[in-house]
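Subject: Structure for your review

Dear colleague,

Please find below the structure that I would like to hand over to you.

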Amino acid sequence: YINYTLSNDRENLYAVIRITDRLEQARVLNAGITLSIDTKGKKKETFGMTFPLRYPGNPIPAFTGHKDDGGDIIKEERDELMRERITTLRSIKMTGFKDIENEMITTSNTYGIKAAIDYDANGNLVYEAAIPLKFFHADDITKNEWAFNFKINSMQKPERGAEGSDMQGGGRGGMGGGGMGG
């Protein structure tokens, strides 16, 4: 269903998530995954990274399930459309990081924050992220346990008549905890 691994070295925090369920994969591609980190282990969202996101204002590639000629789409064509859609998802939302000027950055940022998403050979959606530890301003990462939470966001429909309303996400996720060692 959803497998994840967190690790670190002296420079970066790494997260890898594999999603096997097609419905959950669609939710990730529509609204992203939020990785929340609390360097004090309190399970509060001190730092957050949401990826993948479309750049604000970019249209969502159409996906109707039917071909232009009215026939049904086959699995290979659907998979190709999903891969195409992934290439438009290059935005990352960073919250709580005082050294990052804008909340929205892209995968080609100058901060050293890396994020990627793609399908593996078995059709699983794989999310990978690396965040330089310096952005957490933690004195000694071996001193405290850190708390982590992954949440698969869900799209909320905008209120009727609200023009340009922001999409807010709710979602599902799991809490993990563990010490960070160098």
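How many of the residues of strand 4 are buried? The answer is seven of seven, so strand 4 is mostly covered, a residue counting as buried when its relative accessible area is under 20%. Please bear in mind throughout that this is a predicted model.

Strand 4 and its neighbours

Strand 4 covers residues 47–53. Five bridges connect it with strand 3, which spans residues 33–38, and these two strands run antiparallel. Within this pairing, Ile33 is the residue that stands opposite Phe51 of strand 4. Strand 4 also pairs with strand 5 (residues 91–95), again in the antiparallel sense, over four bridges. Here Gly48 has Thr95 of strand 5 as its bridge partner.

Strand 4 also contains Pro52. The peptide bond that leads from Phe51 to Pro52 is cis, with omega near -5 degrees. For context, most peptide bonds are trans.

Aromatic residues

Eight aromatic pairs are present in the structure. One of them joins Phe51 and Tyr127: the ring centres are 6.0 Å apart and the planes stand at 55 degrees, so this pair is tilted. The reasoning rests on the angle, because planes under 30 degrees apart would count as stacked and planes over 60 degrees apart as edge-to-face. This pair links distant parts of the chain, since Phe51 belongs to strand 4 and Tyr127 to strand 8 (residues 125–132), 76 residues apart. Phe51 is buried, at a relative accessible area of 1%, and Tyr127 is buried as well, at 0%.

A further pair is formed by Trp146 and Phe148. Their ring centres are 6.3 Å apart and their planes are at 35 degrees, so this pair is tilted too. Both Trp146 and Phe148 are buried. They also belong to one aromatic cluster, which is made up of Phe47, Phe97, Phe136, Trp146 and Phe148.

Helix 1 runs over residues 22–31 and contains Gln25. Is Gln25 buried or exposed? With a relative accessibility of 2%, Gln25 counts as buried. Its side chain has a polar atom 3.5 Å from the backbone oxygen of Thr20, and a polar atom of the Gln25 side chain lies 3.0 Å from the backbone oxygen of Gly123. Leaving aside residues up to four places away in sequence, Gln25 touches Ile19, Thr20, Tyr119, Gly123, Asn124 and Leu125.

Asn122 lies in the loop between strand 7 (114–119) and strand 8. Asn122 is exposed, with a relative accessible area of 67%. Asn122 and Thr20 are 102 residues apart in sequence, yet their C-alpha atoms are 8.8 Å apart in space.

Salt bridges

The structure contains two salt bridges. One connects Glu24 with Arg27, with 3.4 Å between the closest N and O atoms. Both residues are in helix 1, three residues apart, which is about one turn of the helix. Glu24 counts as buried at 3% relative accessibility, and Arg27 counts as buried at 18%.

Glu103 is partly exposed, with a relative accessible area of 43%, and Lys93 counts as partly exposed at 31% relative accessibility.

A positive phi angle

Finally, I draw your attention to the backbone of His137. This residue is not a glycine, although its phi is positive, at about 50 degrees. Most residues other than glycine have a negative phi. His137 is situated in the loop between strand 8 and strand 9 (145–155), and it counts as partly exposed at 43% relative accessibility.

Yours sincerely,
A colleague

Methods. Residues are numbered from 1 along each chain as its sequence is written. This is a predicted model: local features need pLDDT of at least 70, side-chain atom pairs count only at pLDDT 80 or more; totals for chains, interfaces and linings use all residues. Side-chain values use heavy atoms; hydrogens and water are left out. Rings of Phe, Tyr and Trp (its six-membered ring) pair if their centres lie within 6.5 Å; planes under 30 degrees apart count as stacked, over 60 as edge-to-face and the rest as tilted. Buried means under 20% relative accessible area, exposed over 50%, partly exposed in between (1.4 Å probe, protein chains only). Two strands pair if DSSP finds at least two bridges between them. A polar contact is a pair of N or O atoms within 3.5 Å; within protein, one must be able to donate a hydrogen and the other to accept it, and residues adjacent in sequence count only if both atoms are side-chain atoms. Contact means heavy atoms within 4.5 Å. A salt bridge is a side-chain nitrogen of Lys or Arg within 4 Å of a carboxyl oxygen of Asp or Glu.
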